[in-house]
Amino acid sequence: MKMNNPWDKLNSDDARRVDTQGKYDFFWIMIEPKMPGLMLKLPTLPSKTPRLPKLKNLVISFRSVAGGAALVLGLKENSQLELFETLCRDVVVAGEAAEDREDALSRSIMRTMRWHHLLRGGRTQGLSVEEQRGLIGELEFLRKLILGLGPETAVESWVGPTGASKDFELIGSCIEVKARRAASKPFVSISSADQLADVDGHRLFLRVSSVSSAILPEGQDLHDHVRMTAELLEGNSEAYYAWEEALYATGYDPLNEYDDRRWLLELAINFEIVEGFPRIIPPLLNGVEGLRYLVSLEACATFEFHEDLIENIKVGLV
């Protein structure tokens with residue numbers, strides 16, 4: 001280690017306060033020999049332990065310590081010490097901006113989650129316009145699920161960002177969400193053979209949202225839509241952290257600039273995918289891979305679902 005690093009001469013049972021003037025109890029620590037760490041000391045462990053990210057070459061956990069408990073972040077690989085110090089100082093800055101200790105804990109974990117995204121290959125250039133449009137369509141439907149089904153059920157159902165074939169999977173129902181420009185040609189793009197494939201024991205729905213955009217000084221940008229969703233999850237840390245992990249998996253990063261483009265959510269139409277719906281049904285012929293195709297919305301008209309989609313999803317949960 002460099003002689004001027006914050007862990008210099010610390011032993012495993014030592015702790016050095018990060019900022020003597022800080023509001024919260026952040027300490028530089030040595031978790032064990034040759035494992036530098038950062039600790040946020042707490043009076044007690046959280047009553048409901050938040051989900052913590054799994055970071056390559058890092059450990060993060062809650063631990064019991066003298067006089068209370070702590071959130072501890074440690075480095076496994078000392079060759080990354082300089083980057084780890086930068087990470088830790090960023091976490092401290094985020095925590096110190098909190099209004100109370102509980103908020104400091106939440107902010108510290110959220111900032112660590114941001115690093116989780118960056119360290120595992122998050123894109124720095126941001127989402128394309130069409131990727132933003134698609135994400136806004138999914139967030140809009142997620143908010144409806146949160147209000148109708150509750151935060152935990154709704155967030156758990158959002159599986160598209162993790163690579164699942166459908167955007168939302170619930171007991172008895174699967175929903176694929178497509179977002180398109182209101183003035184675009186009346187087609188939606190299907191990107192795999194599995195997107196509209198049947199799932200045993202589940203009703204399958206296609207939700208098509210019209211999401212328009214413009215470069216304007218006023219209105220709601222992508223960050224605004226993310227914040228609107230986050231506000232519905234306040235008070236439920238487990239659902240919040242699961243949602244944030246899924247959000248980052250889409251390629252979204254709060255550090256990217258999206259404030260020059262505004263988005264307007266217009267009409268959303270639901271279709272139930274049943275026998276006769278225009279689609280390609282697996283299995284594909286041997287040797288056919290990477291299937292992509294367009295579905296005409298005009299051909300889907302007879303399959304429009306006019307009932308309350310959320311209420312019908314609830315029936316399947318009972």
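The axes of helix α5 (residues 222-232) and helix α6 (residues 237-249) come within 10 Å and cross at roughly 155 degrees. Here an axis is a line fitted to C-alpha atoms, for helices over the stretch in contact, and angles run from 0 to 180 degrees between N-to-C directions. The two helices are therefore roughly antiparallel to each other, a term for angles over 145 degrees, while angles under 35 degrees count as roughly parallel.

This is a predicted model, in which local features need pLDDT of at least 70 and side-chain atom pairs count only at pLDDT 80 or more, whereas totals for chains, interfaces and linings use all residues. Residues are numbered from 1 along each chain as its sequence is written, and side-chain values use heavy atoms, with hydrogens and water left out. Helices (H or I, at least four residues) and strands (E, at least two) are DSSP runs, numbered from the N terminus.

**Helix packing**

Val226, Thr229 and Ala230 in α5 meet Tyr240, Trp243 and Leu247 in α6, where contact means heavy atoms within 4.5 Å. The residues of this contact divide into five nonpolar, one polar and no charged. Ala, Val, Leu, Ile, Met, Phe, Trp, Tyr, Cys and Pro count as nonpolar, Asp, Glu, Lys and Arg as charged, and the others, Gly among them, as polar.

Helix α5 also packs against helix α3 (residues 129-149), at an angle of about 20 degrees and with the axes 10 Å apart. That makes α3 roughly parallel to α5. Among the residues in this contact are Leu135 and Ile146 of α3, and Val226 and Thr229 of α5. The residues of the contact of α3 with α5 divide into 10 nonpolar, three polar and one charged.

| Helix pair | Crossing angle |
|---|---|
| α5 and α6 | roughly 155 degrees |
| α3 and α5 | about 20 degrees |

**Sheet**

Four strands form an open sheet of mixed pairing in the order β6-β7-β9-β10; two strands pair if DSSP finds at least two bridges between them. β6 (168-170) and β10 (262-272) stand at the edges, each with a single partner strand, so one side of each is left without a neighbour in the sheet. Strand β7 (residues 173-180) and strand β9 (residues 203-214) pair in the parallel sense over eight bridges. Arg180 has Ser210 in β9 as its bridge partner.

Technical notes: Angles under 35 degrees count as roughly parallel, over 145 as roughly antiparallel, 65 to 115 as roughly perpendicular and the rest as oblique.
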